[in-house]
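Please read it alongside the sequence and model shown here.

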Amino acid sequence: MPGPARRGPYFCGVDAAMDVLAGKWKSLILWELDQYGTRRFAELRRGLPGVSEKMLVQHLREMEEDGLVHREVYREVPPKVEYSLTEHGASLNAALAALGEWGTERMRRIGAEKITVETPRRRAASARRGRPDRPAQPRTRSRGVCTDR
């Protein structure tokens, strides 16, 4: 059951934005949906290693309630559910671009390791190129949450 809607009062705009982003996985869900477009639940879960099913469900419900994510249910057997960003969610992801750039610079400054997610699509592409043992290349973006190059 969803919790109470986040409607303030707030001290400032940052407080209102952080209220919507509260939770370890929400910014990464935004990035995943912006990077790859419409995704099914299992695809999101594979793209976010370490997230539990419970947390992913909870965050997706909250993000849907906040108007960041659209949930499309297809009436078929087995049931099919897809998630995509709304315009509101895409605008929040774009607003996080500067924060992502700051984080990338911080990673470089402190020498932090970057996590690379190996997806079935990347494994298949590496195998087609004849390099099945080659590690996956890091995700890169020119805008949005993850902006590292």
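Contact here means heavy atoms within 4.5 Å. On that basis, Tyr 74 touches Pro 79, Lys 80 and Glu 82, not counting residues up to four places away in sequence. The model is a predicted one. Its protein chain has 149 residues, of which 32% count as buried.

**Overall architecture**

- The secondary structure of the protein chain amounts to 7 helices and 3 strands.
- Along the sequence, these elements follow the pattern α-α-β-α-α-β-β-α-α-α.
- Among contacts in the protein chain with a separation of 6 or more, 52% are accounted for by residues 24 or more positions apart.

**Nonpolar core**

- The largest nonpolar core contains 19 residues, and those with the most contacts inside it are Ile 29, Leu 30, Leu 33, Leu 56, Leu 60, Val 69 and Tyr 83.
- At least two residues of this core are supplied by each of helix 1, helix 2, helix 4 and strand 3.
- Not counting residues up to four places away in sequence, Val 69 touches Leu 33, Leu 60, Met 63, Glu 64, Tyr 83, Ser 84 and Thr 86.

**Helix 2 and its packing against helix 4**

- The buried residues of helix 2 are Lys 26, Ile 29, Leu 30, Trp 31, Glu 32, Leu 33 and Asp 34.
- The axes of helix 2 (residues 26–36) and helix 4 (residues 53–65) come within 10 Å and cross at roughly 75°.
- Angles of 65 to 115 degrees count as roughly perpendicular, and helix 2 is therefore roughly perpendicular to helix 4.
- Helix 2 contributes Lys 26, Ile 29 and Leu 30 to this contact, while helix 4 contributes Leu 56, His 59, Leu 60, Glu 62 and Met 63.
- By class, the contact of helix 2 with helix 4 comprises 5 nonpolar, 1 polar and 2 charged residues.

**Helix 2 and its packing against helix 5**

- Helix 2 also packs with helix 5, at an angle of about 105° and with the axes 10 Å apart.
- That angle makes helix 2 roughly perpendicular to helix 5.
- The residues in contact are Leu 30, Trp 31 and Asp 34 from helix 2, together with Gly 89, Leu 92 and Asn 93 from helix 5.
- By class, the contact of helix 2 with helix 5 has 3 nonpolar, 2 polar and 1 charged residues.

**The two sides of helix 5**

- In helix 5 (residues 87–95), Gly 89, Leu 92 and Asn 93 are buried.
- These residues cover an arc of only 100° around the axis, which means that they lie on the same side of helix 5.
- Glu 87 and Ala 95 are exposed on the other side of helix 5.
- The cover over the buried residues of helix 5 includes helix 1 (13–21), helix 2, strand 3 (80–85) and helix 6 (97–110).

- Trp 25 is located in the loop between helix 1 and helix 2.
- With a relative accessible area of 10%, Trp 25 is buried, because buried means under 20% relative accessible area.
- Leaving aside neighbours within four places in sequence, Trp 25 is in contact with Leu 48, Pro 49, Gly 50, Val 51, Met 55 and His 59.
- Trp 25 and His 59 are 34 residues apart in sequence, and their C-alpha atoms are 7.3 Å apart in space.
- Trp 31 belongs to helix 2 and is buried, with a relative accessible area of 3%.
- Trp 31 and Gly 89 are separated by 58 residues in sequence and by 9.8 Å in space, C-alpha to C-alpha.
- Tyr 74 is found in strand 2 and counts as partly exposed, at 31% relative accessibility.

**Backbone features**

- Most residues other than glycine have a negative phi, and most peptide bonds are trans.
- Val 77 and Pro 78 are joined by a cis peptide bond, with omega of about -5°.
- Pro 78 has its place in the loop between strand 2 (69–74) and strand 3.

Conventions:
Residues are numbered from 1 along each chain as its sequence is written. This is a predicted model: local features need pLDDT of at least 70, side-chain atom pairs count only at pLDDT 80 or more; totals for chains, interfaces and linings use all residues. Side-chain values use heavy atoms; hydrogens and water are left out. Axes are lines fitted to C-alpha atoms, for helices over the stretch in contact, and angles run from 0 to 180 degrees between N-to-C directions. Helices (H or I, at least four residues) and strands (E, at least two) are DSSP runs, numbered from the N terminus. Angles under 35 degrees count as roughly parallel, over 145 as roughly antiparallel, 65 to 115 as roughly perpendicular and the rest as oblique. Ala, Val, Leu, Ile, Met, Phe, Trp, Tyr, Cys and Pro count as nonpolar, Asp, Glu, Lys and Arg as charged, and the others, Gly among them, as polar. Buried means under 20% relative accessible area, exposed over 50%, partly exposed in between (1.4 Å probe, protein chains only). The arc is that of the directions from the helix axis to the C-beta atoms. A nonpolar core is a set of buried Ala, Val, Leu, Ile, Met, Phe, Trp, Tyr and Cys residues joined through side-chain atoms within 4.5 Å.
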